[in-house]
Amino acid sequence: MKNRDLLTQSLIVAVSYFVTGWLGLQIPYAGSHITLLWLPTGIAVAALLRCGFGVWPGIFLGACLVNLSTGSPALLALSIAAGNTLAPLLSAVWLKRSGFDRQLTRQRDIGLLLAAAALGMVVSASLGVTSLYLAGLTTAGQAWTSWLAWWMGDSVGVLLAAPLLLSMTPKSLHQLIAIGKELALWAGLAAIISWLVFVADHQQFERSLPLAFLTLPMLTWAALRFGQTGAAIASLLFFIMAAWSTAMGHGPFALSDSHFGLFLLWAYMATIVLTALLVTAVQSDRLHAEHSLRSSEEKLRGVFELSPLGIALTNMQGNFVEFNEAFRKLTGYTAEELKALDYWALTPKHYAPEEDRQLESLAHSGHYGPYEKEYIHKNGQLIPLRLNGMLITGSNGKQLVCSIVEDISDRKQLDADLRIAASVFDSQESMLITDSKGVILRINQAFIESTGYSAEEVIGKTPSLFKSGRHDAAFYQAMWRQILDTGSWQGEIWDRRKDGNVYPKWLTISAVKGADGATTHYVGTHFDITERKRNEEKIKSLAFYDQLTGLPNRTLLLDRLKQTITASARSNSHGALLFIDLDNFKTLNDTLGHDMGDLLLKEVSIRLDDCVREGDTVARLGGDEFVVVLGNLDANAIDAAQDTEAVAEKILSALNQPYQLGTTAHSSSASIGATLFRDKESTVDNLMKQADLAMYRAKAAGRNTVRFFDPAMETSVIQRVAMEKDLRQALLEKQFQLYYQAQVNEQGKITGAEALIRWLHPQRGIVSPADFIPLAEENGQILPLGAWVLETACHQLAAWSRHPAFAELTLAVNVSAHQFRQSGFVAQVLAALQESKADPRRLKLELTESLLVEDVEDVTEKMQALKAHGIAFSLDDFGTGYSSLSYLRRLPLDQLKIDQSFVRDALIDHNDAAIAETIIMLACSLQLEVIAEGVETAELHDYLARLGCPAFQGYYFSKPVPVAEFETLVISGIAQAQQR
């Protein structure tokens, strides 16, 4: 597209050049190639300046065609065309480099155009005449005349055509159209004058030639009113009229001597062109000066009106003559109100002496200030100001005072802020200020007291003086990177005091930037956080460490275990988790007290720490439970298990050593559950459960041993969870039933029974109490279950009381320790008896020795309350616990029950036999009844009878049976049932 535009422009230039050149040669001056009226040079210069140097081929083509039209040989035409192209090209290059403005609005531009026309056309004239001479079309004697004529024609052509083509724009044409009436008037007068000058027949040269210059006033009119384009058009019109009339043999230049006439025509055209150009330039300079003046006035008025500073003009009497909007806003008055006031109405009276001094300075030097004072605002508020003023002379010649008034309220506030900042700098917080390179410039007293350094010791140095050595280079690089990016940094850092002590502090560094955004200073503030660090350590200790033993607690253990799992997965090595529970720890607390228990736990923690490697974790979960985490074990599972077992055995051996707890020697043992892990699939919760299950397996294996987790154990737990869910459902659906096991006297007569609960599960069938009672004890379901057993037993007693065969029977009901410890247990038993109408004297509650360990006073109180209503008490499983014999004296018991573990092997185990005999003798001495359970053979019955045991219970007589079968036994009088 660009190349197409350039080709079009070049063709237009070629055609224009040819047409104007052909017309010019119609009035030859010397031969057929030289004329004093050569417009193509002006067209060429204008085209180069407006369209660019790329149109020179069009100039060259037009020049060739013009010369060929005169019948010139091709070589001559090319030679002349080269000169006609080179001359305007050189002129255009020189004009562009000289800063030429093609609108010709300055006298300088007129001068540049004249110089370009005069100098550039030397080339075309020289090459043209030389070409003619070489072609034999001119002689050496004619060379000078020919050269001068050629140069004059080209030069005036530039001055005629170039200004018009350069200044002509849509804007300039629009301006001419806008003054169409004046332009029409000018055209009419110009036509008349042109007719008089160039068309009318003048007989005498002396009379006609002066008429030619009647066109000058018209040209001046065009230059002054129509601008550069209008003046150029006028010049060109007069040139065309003059050239046409001369060619037609009319006008002042149509003389008998045609050469002289053409010379006069050239002189005339040069004169009117130069006149038009100069008048236009002068007019442009004048208009530019007027525009600059108006612009300056507008700028000054803008400065006056838009200035943020108040500006006021007052006469010598102090009346306000003129003021800007900023001054009006500063005072709060309207413009009309201010004009009715004088200077003194705004000035407090106590400034009168200072005002007199400022007026004296004004009269003496022509200016006053700067000085600070206050104005009285319209609302009565005093506004702090800074004033400068000078005398000026108004347009009427009278003197005025021009005052510049600056509101310094913000500066006053800034001064106050600086005073506050100074006081803050000298506050209790340590502060230092450095330059942009980190050199310390100032420190405050708090900094001196905090670090121990004096100002003389640190000023001129850098903060590296305080480095503690605890932070590496990367720490400081990150710090300064953040300061450079964000302008500030804050954080915890360790520094060194003058005495060498290293201490923690909270440091804040802020960059102070100048108006250009560059950092000028750094301000550092810090406060000592030693005490806070101590508190943090205490909090950390409370949060992550057991306060009794100092070992990691559950929270920190879980975090360490996660880290070990991750590390094991990364290194493809095994890790292990050991769950350690002290055996019979509760007995120590119950017998020797919690203080002794705490001493034991401390000793255990020390021994556990000694049994593991550095990097392994020993933690206390709570109570007597400890956990050990082993990491970096062998990749082979068997080897890892052997290493874990070796550590566990080492722990067992260490914990089996005697302890000296104060003045008491104590022996203890532990049960350990272990599980291995290696990959990320192992979760903390699963590992804890696995180790816990393995630990319970160690307990079940006789304690003081180690067991590894087995998947079968997990299956057992799943079954347990299922049973717990079923147990809740069983309570809702009443799937339980009481079975009764006969209790007989020494004559074999059934005197009563023990009520034993059975679970009639819809899928599992009859579930033994040994399977679900411990679960119910753990999850709290023993309470509603025990209440149901008590209520059912009472209703059964009430039913028996109405039948003579059963009326004298007693019924023993087992009571859980959880059930008995309820605050409303006594009321619950009495309510069951009252609701069922059962005889309290036939109810016997069986308690276990574990109930007597805690709060024996509460146990005694409840037993006595129930005893008062006739309820009897039997101490079940006697001999298996650790109750003091003194309890037997304090508690209102009625019966001791020899545990079946002593009865079953009494015939073959001397120790069991001795215990059974001792219990019988003890009961007799305390006047308590005694009954032996677990009697399964006639030999056992006879042996116990010989020892003096009066009552028995066991399979030898009857296994637990439903109520109907039990009643059948009673009615038939069968004391021994061989059913198993």
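**Reading helices, cavities and ring contacts in a predicted model**

Me: In this predicted model, why does the span between the end C-alpha atoms of helix α2 agree with its number of residues?

Reply: Helix α2 covers residues 40-51, and at 1.5 Å a residue its 12 residues should span 16 Å; the end C-alpha atoms are 16 Å apart, which agrees.

Me: Is α2 largely enclosed or largely open, and which of its residues are buried?

Reply: Of the 12 residues of α2, 10 are buried, so the helix is largely enclosed by the rest of the structure. The buried residues are Pro40, Thr41, Gly42, Ile43, Ala44, Val45, Ala46, Ala47, Leu48 and Leu49. Gly52 follows α2 and has a positive phi, near 105 degrees.

Me: What does the same reading give for helix α24?

Reply: Helix α24 runs over residues 684-700; at 1.5 Å a residue, its 17 residues should span 24 Å, and the end C-alpha atoms are 24 Å apart, which agrees. Its buried residues are Val684, Leu687, Met688, Gln690, Ala691, Leu693, Ala694, Met695, Ala698 and Lys699. Just after α24 comes Gly702, with a positive phi of about 110 degrees.

Me: Which residues line the largest cavity?

Reply: The lining consists of Leu25, His33, Ile34, Thr35, Trp38, Val66, Asn67, Ile80, Asn84, Trp150 and Asp154. Helices α3 (56-69), α4 (74-97) and α6 (140-167) each give two or more residues to this lining. By residue type, the lining divides into 6 nonpolar, 4 polar and 1 charged.

Me: How many aromatic pairs are there, and which parts of the chain does the pair of Tyr740 and Trp800 link?

Reply: The structure holds 18 aromatic pairs. One of them joins Tyr740 and Trp800 in a tilted arrangement, 5.7 Å centre to centre with 55 degrees between the planes. This pair links distant parts of the chain, since Tyr740 belongs to strand β18 (residues 736-745) and Trp800 to helix α27 (residues 782-800), 60 residues apart. Both Tyr740 and Trp800 are buried. Elsewhere, ring pairs connect Phe736, Trp759, Phe772 and Trp788 into a cluster.

Me: Which ring does the charged end of Arg607 sit over, and where does Lys467 lie?

Reply: The charged end of Arg607 sits over the ring of Tyr659, 3.6 Å from its centre. Lys467 lies over the face of Tyr476, at 4.4 Å from the ring centre.

Conventions: Residues are numbered from 1 along each chain as its sequence is written. This is a predicted model: local features need pLDDT of at least 70, side-chain atom pairs count only at pLDDT 80 or more; totals for chains, interfaces and linings use all residues. Side-chain values use heavy atoms; hydrogens and water are left out. On a 1 Å grid over the protein atoms alone, a cavity is a set of points where a 1.4 Å probe fits but cannot get out, and a pocket is an open set with protein on both sides within 12 Å along at least five of seven lines; lining residues have an atom within 4 Å of a point. Helices (H or I, at least four residues) and strands (E, at least two) are DSSP runs, numbered from the N terminus. Ala, Val, Leu, Ile, Met, Phe, Trp, Tyr, Cys and Pro count as nonpolar, Asp, Glu, Lys and Arg as charged, and the others, Gly among them, as polar. The expected span of a helix is 1.5 Å times one less than its number of residues. Buried means under 20% relative accessible area, exposed over 50%, partly exposed in between (1.4 Å probe, protein chains only). Rings of Phe, Tyr and Trp (its six-membered ring) pair if their centres lie within 6.5 Å; planes under 30 degrees apart count as stacked, over 60 as edge-to-face and the rest as tilted. A charge sits over a ring if NZ of Lys or CZ of Arg is within 6 Å of the ring centre and within 35 degrees of the ring normal.
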